[in-house]
Amino acid sequence: MTKVQRCLSPFKGWLCLLSLMVFISCGSKADPATYFSHYHPADWKSQHGGPATNDLTSCTKCHEVSLLRTGNSVPGCLTTGCHHQTEPSWAVAGTHGLRAKKPVGDPAGSFAACQICHGKDFSGGASAKACATCHGVAAPHPAKPWSSWGGSPWTHTTTDPSNAAVCAQCHYPGSPDNPPNHPATPAPGGTAPGCFNNTMCHGSASAPHPVPFLLGLTDSLGNGHVTATAS
């Protein structure tokens, strides 16, 4: 007797029908290796970062965010071969830190993408792994100093400015997490957070060259500071 015929039996029909509906809606028996090609557009695996950052609820209708809950065989965010599972040295700052600095919506990552699993305030979220566990501070960056001119091997100057809204959670105007008197001239109320618009640490007069400005680096016009004239 086929599965369909069994489902038509008067005693088991309703139960089988329900199981089939669950199977079809979320693919509870789907092979993780072929799941994306069955239920998503081509190359969705490399493109889903942006949509997930904007609205995770559409993903969690079928996918589990963490390993804290187990259920059907539909791939979850931490399924082997997915997030961080096969990334060499992911725990090393030079690996995941570079990904966190990417533009918001970039499939490779961003501060906003980190919030999906580590929580809006980075206290653990669905992953139950707070950034402070490794970083020493409740933020997606190491403890101060976290700028190269402060003697740190890390720098925030390479962070994409689109992450400013996440930074503003701690570095809002007048925050004790900002340098004293920064920003000196606060932006008008309601101004969207930005790296150089007086909403956090920096004003609008940003340097036209990398900071620190060392040998081999050039400004926005291609000039190196060691070849500049005194004027």
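A: **Cysteines and the core**

Cysteine 134 has its closest cysteine sulfur in cysteine 131, 8.3 Å away, which is too far for a bond. A disulfide here is a pair of cysteine sulfur atoms within 2.5 Å. In general, a disulfide is a covalent bond between the sulfur atoms of two cysteines. By the distance rule, the count is zero disulfides. Cysteine 195 is in no disulfide either; the nearest cysteine sulfur, in cysteine 167, is 6.2 Å away.

This is a predicted model: local features need pLDDT of at least 70, side-chain atom pairs count only at pLDDT 80 or more, and totals for chains, interfaces and linings use all residues. Side-chain values use heavy atoms, without hydrogens and water, and residues are numbered from 1 along each chain as its sequence is written.

Now for exposure. Buried means under 20% relative accessible area, exposed over 50%, and partly exposed in between (1.4 Å probe, protein chains only). Cysteine 134 is exposed, at 61%. Cysteine 195 is partly exposed, at 23%.

Cysteine 131 belongs to the largest nonpolar core. Such a core is a set of buried Ala, Val, Leu, Ile, Met, Phe, Trp, Tyr and Cys residues joined through side-chain atoms within 4.5 Å. This one has six residues: Cys131 together with Ala100, Phe111, Ala112, Phe122 and Val166.
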